[in-house]
Amino acid sequence: MRNPFKYFKTSPEIIRLAVMMHIRFPLSPRNVEDLLHERGIDITPATVRFWWNRFGPMFASRIRKKRVQNHNHSNWAWHLDEAFVKINGEPHYLWRAVDHEGEVLEAYVTRRRDRKAALRFLRRTMKRYGNPQVVVTDRLKSYKAAMKLIGNAGRQETGRWLNNRAENSHLPFRRKERAMGKFRSFEALQKFVSAQSSVHNHFSHERHLNRRETFKQNRSVALAEWRQLAA
């Protein structure tokens, strides 16, 4: 495999650290610059943005590929939801699919919230992860129309509090959105939400469900795997 860090003077460890801090936490490039400066690493916000654009999608793709191969997701129940996002003052919609264990399956940005957009989102998710047994949504009619075309209308469930898991999955993105001061292009938003979902899955260990010893062990394994990306 070709070394992606071949022509970079900075060590791969620093690049991985900067990219992880930018994607995983609600930090702007300037925040990442300040935190790395405390460790004796002198870079600029433009460097952080360049590293993120160059390596972020690649890291996320390798994490996603490994998790799909290991089947770390569940097809028992999917939770679908859409969130309102503004790009340069124009309304867009961020669709998100989450399984019942909290694994973010897909994040997809569209300009509309109609049947065509819902159908494209469902087909994109099912192509990668298969067909779920139950699909939990809100009362948006676009879901019902799209699932009727796919043939999953009988698997749809709606309810007032049934979809809280999907709605809560938007919270990390909302915190990042505030730190970044909104997004300025459709392509940049799609690239970021796809990468953020994969990184979130990689470092999410259900801390409130596990004992401290188990959580520390899982966290160490996740960090070790992250340091091996593109090694």
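1. Helices α8 and α9 are oblique to each other. Helix α8 covers residues 186-203 and helix α9 covers residues 212-227; they pack at an angle of about 135°, with their axes 9 Å apart. Angles under 35 degrees count as roughly parallel, over 145 as roughly antiparallel, 65 to 115 as roughly perpendicular and the rest as oblique. Axes are lines fitted to C-alpha atoms, for helices over the stretch in contact, and angles run from 0 to 180 degrees between N-to-C directions. Helices (H or I, at least four residues) and strands (E, at least two) are DSSP runs, numbered from the N terminus.

2. This is a predicted model, in which local features need pLDDT of at least 70 and side-chain atom pairs count only at pLDDT 80 or more, while totals for chains, interfaces and linings use all residues. Residues are numbered from 1 along each chain as its sequence is written, and side-chain values use heavy atoms, with hydrogens and water left out.

3. Which residues join α8 to α9? From α8 come Val199, His202 and Phe203; from α9 come Ala222, Leu223, Glu225 and Trp226. Contact means heavy atoms within 4.5 Å. By class, this contact has 5 nonpolar, 1 polar and 1 charged residues. Ala, Val, Leu, Ile, Met, Phe, Trp, Tyr, Cys and Pro count as nonpolar, Asp, Glu, Lys and Arg as charged, and the others, Gly among them, as polar.

4. Another packed pair is α1 (residues 12-24) and α2 (residues 29-37). Their angle is about 135° and their axes lie 10 Å apart. That makes α1 oblique to α2. The crossing is right-handed. A crossing is left-handed if the near helix is turned anticlockwise from the far one by less than a right angle, and right-handed if clockwise. On the α1 side, Leu17, Ala18, Met21 and His22 take part; they meet Pro29, Val32, Leu35 and Leu36 of α2. The residues of this contact divide into 7 nonpolar, 1 polar and no charged.

5. Methionine 180 belongs to helix α7 (residues 171-180). Methionine 180 is partly exposed, with a relative accessible area of 24%. Buried means under 20% relative accessible area, exposed over 50%, and partly exposed in between (1.4 Å probe, protein chains only). Methionine 180 touches His22, Leu27, Ser28 and Pro29, not counting residues up to four places away in sequence. Methionine 180 and proline 29 are 151 residues apart along the chain, yet their C-alpha atoms are separated by 8.3 Å.

6. Helix α5 (residues 141-150) has Ser142, Tyr143, Ala146 and Met147 buried. Seen down the axis of α5, these buried residues fall within an arc of 120°, so they line one face of the helix. The arc is that of the directions from the helix axis to the C-beta atoms. The face turned away from the buried side carries the exposed residues Lys141, Lys144 and Lys148. What covers the buried residues includes β1 (77-87), β2 (90-99), α4 (115-129), β4 (134-137) and β5 (156-158). Just after α5, glycine 151 takes a positive phi of about 100°.

7. How do α4 and α5 cross? Their axes come within 8 Å and cross at roughly 55°. That makes α4 oblique to α5. The crossing is right-handed. Helix α4 contributes Arg115, Ala118, Leu119, Leu122, Arg123 and Met126, and α5 contributes Ser142, Tyr143, Ala145, Ala146, Met147, Leu149 and Ile150. By class, the contact has 10 nonpolar, 1 polar and 2 charged residues.

8. Proline 132 sits in the loop between α4 and β4. Is proline 132 buried or exposed? Proline 132 is buried, with a relative accessible area of 1%. Proline 132 touches Asn75, Trp78, Met126, Asn152 and Arg155, not counting residues up to four places away in sequence. Proline 132 and asparagine 152 are 20 residues apart in sequence and 9.0 Å apart in space, C-alpha to C-alpha.

9. Histidine 73, between α3 (45-69) and β1, is buried, with a relative accessible area of 7%. Histidine 73 touches Asp99, Glu103, Leu105 and Tyr129, not counting residues up to four places away in sequence. Asparagine 88 lies in the loop between β1 and β2. At 58% relative accessibility, asparagine 88 counts as exposed. Phi of asparagine 88 is near 55°, a positive value in a residue other than glycine. Most residues other than glycine have a negative phi.
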